[in-house]
Amino acid sequence: MYDPDTHSALSADKVDNYLRHIQLPHRYWPQQSPSLNLDLLSALQAYHLSKIPYENLALHYTKDVNISLNVNDIYHKFVDKQRGGYCMENNIFFYHVLRFFGFQVFLTGARLHRTGDGNPTGWTGWEHAVNIVTFPGPKQYLADVGYGGNGPKLPLPLVSDSPVHNIGTQDLRLIRETNKSLPAGQQDRWIYQFRNGQEQAWATAYTFTDIEFTLKDYEIMNFFTSKSPDSFLTLKILVVKFLEEDGNIVGKLILDQDHVKKNTGGKNELLQICQTEKERVEVLEDLFKLKLTEEERNGIHGRVSSLRTGP
């Protein structure tokens, strides 16, 4: 049940405003004393994903890049400005929401697995953030609201090689891998994988352990992710808006630099290729419901991600 003594850095008023923003059904609100179970966790994850997009616009449409991981700054961005954010913003904020409800949860870092695009194949450093929620038993679940298009729509049980259905034709699974150089059970890691059809091979996305990460850890990660030219997020614009029906994620809209795509059945449908900045800003506002100020729009000029400004 909801424990009023288990508060996060978010105030009760801000949590209420957030829940109103994501349109969470009232039966799940803290005032109704919902049980701290998988149903509540699943509802919070699905409604967060459907209303708060994954986006890295603040790395491009700005004069000076400065991504704050302060939870109240993230609240202002998500709720007051009705914007989204990338992995650390989403999952750190979600962590504080879960803490407010009274969930037993901790944050940890993840290494991404890179393939293609002319970059070396293999693991990156710590570039991603995820939540691990523990229920009595104990039963643990991955709650990730910040991975973007191939992220889980619902909490994923920490059970090795037990595929679950995600969106469209996509399946997900976790694989537990043992570190053979250490005693049994020490520094085992989980590997998150997806496949876009049962006939396709599993693709490795990221790996994480049970080491708790602090805000200071994420501040170091955030500096690299938001400012380094070796971070893929600084090179192009990426926006993912999940589509929801009756609390269920059924598809997604994607802006990948200049390509606008829709995915509702396991395949991407190309809707538009933006030729100019004007077209892309219009897509962001009309399709993704993300409004940029004039100062933000002007901030992209001269960046590698900018499109033509003329007709």
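Me: What counts as a salt bridge, and how many does a search of the whole structure find?
Reply: A salt bridge is a side-chain nitrogen of Lys or Arg within 4 Å of a carboxyl oxygen of Asp or Glu. A search of the whole structure finds 15. Keep in mind that this is a predicted model: local features need pLDDT of at least 70, side-chain atom pairs count only at pLDDT 80 or more, and totals for chains, interfaces and linings use all residues. Residues are numbered from 1 along each chain as its sequence is written, and side-chain values use heavy atoms, without hydrogens and water.

Me: What is pLDDT, and what does the chain average?
Reply: pLDDT is the predictor's confidence in each residue, from 0 to 100. The chain averages 93, and 93% of the residues score at least 70. Residues 1-6 stay under 50. The model has 16 contacts for them beyond four places in sequence, a contact being heavy atoms within 4.5 Å. Where pLDDT is low, the predicted coordinates should not be read in detail.

Me: Which residue forms a salt bridge with arginine 83?
Reply: Glutamate 296 does, with the closest N and O atoms 3.5 Å apart. Arginine 83 lies in the loop between α3 (71-80) and α4 (87-101), and glutamate 296 in helix α7 (residues 294-298), so the pair ties together parts that are 213 residues apart in sequence. Helices (H or I, at least four residues) and strands (E, at least two) are DSSP runs, numbered from the N terminus.

Me: Are arginine 83 and glutamate 296 buried or exposed?
Reply: Buried means under 20% relative accessible area, exposed over 50%, partly exposed in between (1.4 Å probe, protein chains only). Arginine 83 is buried at 3%. Glutamate 296 is buried at 14%.

Me: Which residue pairs with arginine 173 in a salt bridge?
Reply: Aspartate 161, at 3.1 Å between the closest N and O atoms. Arginine 173 lies in strand β7 (residues 171-177) and aspartate 161 in the loop between β5 (156-157) and β6 (164-165), so the pair ties together parts twelve residues apart in sequence. Arginine 173 is buried at 16% relative accessibility. Aspartate 161 is partly exposed at 45%.

Me: How do I read the order of strands in a sheet?
Reply: Two strands pair if DSSP finds at least two bridges between them. Here an open sheet of five strands runs β1-β10-β11-β12-β13, with antiparallel pairing. β1 (54-55) and β13 (268-273) stand at the edges with a single partner strand each, so one side of each is left without a neighbour in the sheet. β1 and β10 (residues 238-245) pair over two bridges. Tyrosine 54 has valine 240 as its bridge partner in β10.

Me: Which residues of helix α1 are buried, and what do they pack against?
Reply: An α-helix has 3.6 residues a turn, so residues three or four places apart point the same way. In α1 (residues 12-22), the buried residues are Val15, Asp16, Tyr18, Leu19, His21 and Ile22. They pack against α2 (38-51), α3 and α4. Just after α1, glutamine 23 takes a positive phi of about 60 degrees.
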